[in-house]
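Subject: Structure handover

Hello,

Here is the structure for you to look over. My notes on the findings follow below it.

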Amino acid sequence: MKLILPTLALLLLSSPSWAQPMRLVMVGPPGAGKGTQASRLCQHYHVPHISTGAMLREQIACSTELGLKAKAYVESGELVPDDVIVVMLKETLAAQPDGFILDGFPRTLKQAQVLDLMLLELHQELSAVVYLSVPDEVVVERLLQRGRADDTEEIIGRRLEVFNEETTPVLEHYAKSGLLVEVEGVGSIEQVQDRMRVSLGKRSKE
Ligand code: AMP
């Protein structure tokens, strides 16, 4: 017993990833591989994957009230209004006190501010924000191959525009708060995953 308590304290102090649940946000243009990489990271860190895009597609498929409100926006590559998405997300985050990987939110500076407040109220702190950077031409090529309903050339163009206009300020916001970790998203799925784990591992030791 004499040895157990100091050892436990030492372990908790020397390993911040133990002391704090992993709470990550993934930011990147459409087609950067956020979903694929997030689900692998979730298996690694044993935390749930929260994708606002996937949640919206599910609501649309089930024709819920929320899905009906979101449908036209998702289908044209526009952002769904905050009041629709924020309610959906708040309930989900409140149910995840032991960490999460959030993919697809925040997409605007306003949403980043809403998330900051939401987490403050829930006494949760972000571990890091991963920016998966991929050049536009690679993104377009990948999305055309994926072929989801909103992956036509015209809608991809609009989604990229929305990313550049609305989401770039989100990167600045998290860079200012020291949370941003940029990872190059070009390469095989495994290469990118390794890069992310190395960058996050280094960060948790800082
Ligand atoms: P994604 O699966 O992340 O590419 O999202 C697909 C679509 O869902 C986007 O083009 C938007 O129409 C909508 N969407 C997802 N997340 C958000 C968000 N945080 N704010 C507004 N719209 C969103």
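I start with the pocket. β1 (23–27), α3, β2 (49–51), α4 (52–61), α5 (65–76), α8 (136–146), α9 (153–176) and α10 each put at least two residues into the lining of the largest pocket. Helices (H or I, at least four residues) and strands (E, at least two) are DSSP runs, numbered from the N terminus.

Before going on, the ground rules. This is a predicted model, where local features need pLDDT of at least 70, side-chain atom pairs count only at pLDDT 80 or more, and totals for chains, interfaces and linings use all residues. Residues are numbered from 1 along each chain as its sequence is written, and side-chain values use heavy atoms, with hydrogens and water left out.

Back to the largest pocket. α4 contributes the most to its lining, with five residues. In total, 46 residues line the largest pocket. Pro30, Lys34, Arg107, Arg148 and Arg159 lie nearest its centre. The lining has 19 nonpolar, 17 polar and 10 charged residues. For the classes, Ala, Val, Leu, Ile, Met, Phe, Trp, Tyr, Cys and Pro count as nonpolar, Asp, Glu, Lys and Arg as charged, and the others, Gly among them, as polar. The space in the largest pocket is about 880 Å³. A pocket here is an open set of points on a 1 Å grid over the protein atoms alone, where a 1.4 Å probe fits, with protein on both sides within 12 Å along at least five of seven lines; lining residues have an atom within 4 Å of a point. Grid points are joined across faces, edges and corners, and the volume is the space filled by probe spheres set on the points.

Next, helix packing. Axes are lines fitted to C-alpha atoms, for helices over the stretch in contact, and angles run from 0 to 180 degrees between N-to-C directions. Contact means heavy atoms within 4.5 Å.

- α3 with α10: the axes of α3 (residues 34–45) and α10 (residues 189–205) come within 10 Å and cross at roughly 55°. The two helices are therefore oblique to each other (angles under 35 degrees count as roughly parallel, over 145 as roughly antiparallel, 65 to 115 as roughly perpendicular and the rest as oblique). Contact residues include Arg40 and His44 of α3 and Met196 and Arg197 of α10. By class, the contact of α3 with α10 has six nonpolar, four polar and three charged residues.

- α6 with α7: α6 (residues 82–94) and α7 (residues 109–121) pack at about 30°, with axes 11 Å apart. α6 and α7 are therefore roughly parallel. Among the contact residues are Ile85, Val86 and Leu89 of α6, with Val114, Leu115 and Met118 of α7. That contact of α6 with α7 divides into eight nonpolar, one polar and four charged residues.

- α8 with α9: the angle is about 140° and the axes are 10 Å apart. That makes α8 oblique to α9. Asp136, Val139, Val140, Leu143, Leu144 and Arg146 in α8 meet Glu153, Ile156, Arg159, Leu160 and Asn164 in α9. The contact of α8 with α9 has six nonpolar, one polar and four charged residues.

Last, two backbone points. The peptide bond from Phe105 to Pro106 is cis, with omega near 0°. Pro106 sits in the loop between β3 (100–103) and α7. His46 is not a glycine, yet has a positive phi of about 60°. His46 is in the loop between α3 and β2.

Best wishes
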